[in-house]
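Student: I would like to learn how to read this structure step by step. May we begin once it is in view?

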Amino acid sequence: MSSSEVSYLLFDIESIADGDLVSRIRFPDEELSPSEAVTRYQQELLERFGTEFIPYTFHVPVAIVVIKIKEDFSFDDIVTMDAPEYRPHKVVEMFWKGWRHYKMPTLISFNGRTFDIPLLELAAFRYGISIPDWFNFHEKSFDQRRNRYNQKAHFDLQEVLTNFGATRLTGGLNLVANMLGRPGKMEIAGHMVQEMYDRGELAQINDYCRCDVLDTYFVFLRTGVMTGTITRDREKELIESANKWLEEKSGEFPIYSEYLKKCRPWADPWQ
């Protein structure tokens with residue numbers, strides 16, 4: 001797909017906590033190993049807040065999967081960054097370079113406003129990656145790509161569904177994907193990524209990320225129906241085309257076959 005054909009880059013990230021950084025910042029006098037520091041911090045968070053998820057400021061991306069989408073909402077490619085090495089600094093660099101290569105199309109995410117994008121920005125800071133086109137401070141406030149309400153730069157589906165945080169979408173992507181007959185969470189959940197990474201299961205992490213971007217794509221299509229960008233008939237055509245593409249690619253990526261097996265037909269009340 002040429003750069004002129006890409007209007008949207010829909011993406012998802014998987015990340016892990018930097019255990020060395022956690023050890024140095026949270027437990028500077030205890031000489032904990034990286035894995036010990038992560039476990040200790042998770043236990044503290046669980047006891048205090050009921051979640052063991054370490055804040056993104058301690059994270060590094062280990063998987064970014066992107067769907068390239070045309071202006072008519074169709075796609076013909078899903079790519080992972082820096083396969084098969086999946087080196088965090090290269091993963092981040094390739095994402096930002098790809099965005100620029102495709103002439104800075106609209107980024108599509110689910111809850112990317114509060115996690116994925118801040119993580120990618122902080123990772124650029126960490127690794128010394130220059131992204132001046134994203135930090136376009138010379139533009140008017142609304143035209144700056146980091147402006148929360150600039151949906152041409154970044155279209156966060158959760159922001160749309162919650163009216164920019166006015167309500168809370170309990171259930172998240174898993175909920176809205178299931179509304180559409182999509183699998184939502186498969187056998188792997190986000191909290192398992194840290195242990196999978198420690199076991200060297202990088203390909204499996206990226207497969208999990210592929211499933212999340214697929215759910216996000218179908219949520220994107222339905223959001224397009226809701227906002228009047230496409231019709232239900234067009235959505236149906238795009239779903240059939242995407243499913244056919246996944247079937248054709250399942251020999252190379254068996255995870256697509258698993259994904260399709262877990263899909264259910266959407267109960268269309270209009271028929």
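Student: Does M104 count as buried, partly exposed or exposed, and at what relative accessibility?

Tutor: The general idea is a scale: buried means under 20% relative accessible area, exposed over 50%, and partly exposed in between, with a 1.4 Å probe and protein chains only. At 29% relative accessibility, M104 counts as partly exposed. Before going further, please note that this is a predicted model, in which local features need pLDDT of at least 70 and side-chain atom pairs count only at pLDDT 80 or more, while totals for chains, interfaces and linings use all residues. Residues are numbered from 1 along each chain as its sequence is written, and side-chain values use heavy atoms, with hydrogens and water left out.

Student: Which value does the phi of N163 have?

Tutor: The phi of N163 is near 55°, a positive value in a residue other than glycine. N163 has its place in the loop between helix 5 and helix 6, and at 55% relative accessibility it counts as exposed. A glycine case is G128, which follows helix 4 and has a positive phi, near 70°.

Student: In which sense do strand 1 and strand 2 pair, and in which sense do strand 1 and strand 4 pair?

Tutor: Strand 1 and strand 2 pair in the antiparallel sense over 10 bridges, and F11 has V66 of strand 2 as its bridge partner. Strand 1 (residues 8–17) and strand 4 pair in the parallel sense, over 3 bridges, with T106 of strand 4 as the bridge partner of Y8. Strand 4 is also joined to strand 5 (residues 154–156) by 3 bridges, and these two run parallel; L107 stands opposite H154 in strand 5.

Student: Which way do the residues of strand 4 point?

Tutor: From strand 4 (residues 106–109), T106 and I108 point one way and L107 and S109 the other, and all are buried.

Student: What handedness has the unit made by strand 4, helix 4 and strand 5?

Tutor: A crossover is right-handed if, with the strands pointing away from the viewer, the path from the first strand over the helix to the second runs clockwise. Strand 4, helix 4 (residues 112–127) and strand 5 make a right-handed β-α-β unit. Among the buried residues of helix 4 are F115, I117, L119 and L120. Their cover includes strand 1, strand 2 (59–69), helix 3 (88–101) and helix 5 (157–161).

Student: How is the packing of two helices described?

Tutor: Two packed helices are described by the angle between their axes and the distance between the axes. The axes of helix 6 (residues 172–179) and helix 8 (residues 202–227) come within 9 Å and cross at roughly 60°. Helix 6 and helix 8 are therefore oblique to each other; angles under 35 degrees count as roughly parallel, over 145 as roughly antiparallel, 65 to 115 as roughly perpendicular and the rest as oblique. Their crossing is left-handed, a term used if the near helix is turned anticlockwise from the far one by less than a right angle, with right-handed used if clockwise. Contact means heavy atoms within 4.5 Å, and here it is made by L173, V176 and A177 of helix 6 and D212, D215, T216 and V219 of helix 8.

Student: At what angle do the axes of helix 3 and helix 4 cross?

Tutor: The axes of helix 3 and helix 4 cross at roughly 120° and come within 10 Å. This crossing is left-handed.

How values were computed. Helix = DSSP H or I, 4+ residues; strand = E, 2+ residues; numbered from the N terminus. Pairing = 2+ DSSP bridges. Axes fitted to C-alpha atoms, helices over the stretch in contact; angles between N-to-C directions.
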